[in-house]
Amino acid sequence: MWLYNDQILTTHPAIAIQNHLRELVIKDIQPNLRGTYSCYAFSIDSHNFSECDINVIRQPKWKIPLKNAEACFTHNVTFQCVADGDNIIYLWYHNAQRIHNGSKYTITNNGNLTVHNAIIEDANMYTCIAMNSIGNIVSNAYLNV
């Protein structure tokens with residue numbers, strides 16, 4: 001007998017139970033299939049139990065890649081950089097130099113970068129990298145001040 005998160009496993013198009021109920025095959029793993037899979041085997045004389053946890057991590061994919069922006073002198077400007085995926089971390093660069101939170105820049109957990117009080121030196125290329133343990137994606141845009 002197979003269980004999924006302590007419930008009897010019901011029919012699912014991506015899951016097949018084969019080889020006289022001995023094998024569970026997940027044909028197309030998707031995030032909604034993450035969880036604990038358990039197998040209970042019974043006979044007249046004994047029983048066995050085995051389980052495994054499956055975690056599905058999706059590689060980053062752009063929802064909103066960077067777009068070029070313009071800022072008036074000494075005004076703030078915000079770049080949106082939004083990726084779909086699991087456990088995404090965002091890294092930002094200005095002219096290939098890493099950007100960190102501070103008085104000049106604010107980086108939010110959802111991928112936005114705000115440049116405060118933009119001046120001429122803030123112009124040029126910005127790079128957003130969205131990454132997780134599976135991979136990373138890169139998007140570039142220019143800021144004109």
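Asn 117 is partly exposed, with a relative accessible area of 46%; on this scale buried means under 20% relative accessible area, exposed over 50%, and partly exposed in between (1.4 Å probe, protein chains only). The residue lies in the loop between strand E14 (113–115) and strand E15 (124–131). Helices (H or I, at least four residues) and strands (E, at least two) are DSSP runs, numbered from the N terminus. Leaving aside neighbours within four places in sequence, Asn 117 is in contact with Thr 74, His 75, Asn 76, Lys 104 and Asp 122, contact being defined as heavy atoms within 4.5 Å. The C-alpha atoms of Asn 117 and Lys 104 are separated by 7.5 Å, although the two residues are 13 places apart along the chain.

The model is predicted: local features need pLDDT of at least 70, side-chain atom pairs count only at pLDDT 80 or more, and totals for chains, interfaces and linings use all residues. Residues are numbered from 1 along each chain as its sequence is written, and side-chain values use heavy atoms, with hydrogens and water left out.

**Annotated span**

The unreviewed UniProt entry places the feature "domain: Ig-like" at residues 60–144. UniProt positions are given in the numbering used here, feature names are shortened, and annotations may be inferred rather than shown by experiment. In the model, the end C-alpha atoms of residues 60–144 lie 28 Å apart, and the span is 0% helix and 52% strand.

Strands E11 and E15 run antiparallel and are joined by 6 bridges; two strands pair if DSSP finds at least two bridges between them. Trp 92 stands opposite Cys 128 in E15. Strand E15 is also joined to E16 by 8 bridges, again in an antiparallel arrangement, and Met 131 stands opposite Asn 136 in E16. With 4 residues between them, E15 and E16 form a hairpin.

Ser 139 lies in strand E16 (residues 136–144) and is buried, with a relative accessible area of 7%. A polar atom of the Ser 139 side chain lies 2.9 Å from the backbone nitrogen of Leu 66. Not counting residues up to four places away in sequence, Ser 139 touches Trp 62, Pro 65, Leu 66, Tyr 126, Thr 127 and Cys 128.

**Nonpolar cores**

A nonpolar core is a set of buried Ala, Val, Leu, Ile, Met, Phe, Trp, Tyr and Cys residues joined through side-chain atoms within 4.5 Å. The largest core has 23 residues, of which Phe 79, Tyr 90, Trp 92, Leu 113 and Tyr 126 touch the most other members. The elements that contribute two or more residues to this core are strand E9 (77–79), E10, E11, strand E13 (105–107), E14, E15 and E16. Another core, of 8 residues, lies apart from it and includes Leu 9, Leu 24, Leu 33 and Tyr 37.

**Salt bridges**

The whole structure contains 4 salt bridges, a salt bridge being a side-chain nitrogen of Lys or Arg within 4 Å of a carboxyl oxygen of Asp or Glu. Three of these pairs are tabulated below.

| Pair | N to O distance |
|---|---|
| Asp 86 and Arg 34 | 3.2 Å |
| Arg 58 and Asp 84 | 3.3 Å |
| Asp 86 and Arg 58 | 3.3 Å |

In the salt bridge between Asp 86 and Arg 34, Asp 86 lies in the loop between strand E10 (82–84) and strand E11 (89–94) and Arg 34 in the loop between strand E4 (23–26) and strand E5 (35–42), so the pair ties together parts that are 52 residues apart in sequence. Asp 86 is buried, with a relative accessible area of 12%, whereas Arg 34 is partly exposed at 30%.

In the salt bridge between Arg 58 and Asp 84, Arg 58 lies in the loop between strand E6 (47–54) and strand E7 (61–64) and Asp 84 in strand E10, so the pair ties together parts that are 26 residues apart in sequence. Arg 58 counts as partly exposed at 30% relative accessibility, and Asp 84 is partly exposed, with a relative accessible area of 28%.

In the salt bridge between Asp 86 and Arg 58, the partners come from distant parts of the chain, the loop between E10 and E11 and the loop between E6 and E7, 28 residues apart.

Key: A polar contact is a pair of N or O atoms within 3.5 Å; within protein, one must be able to donate a hydrogen and the other to accept it, and residues adjacent in sequence count only if both atoms are side-chain atoms.
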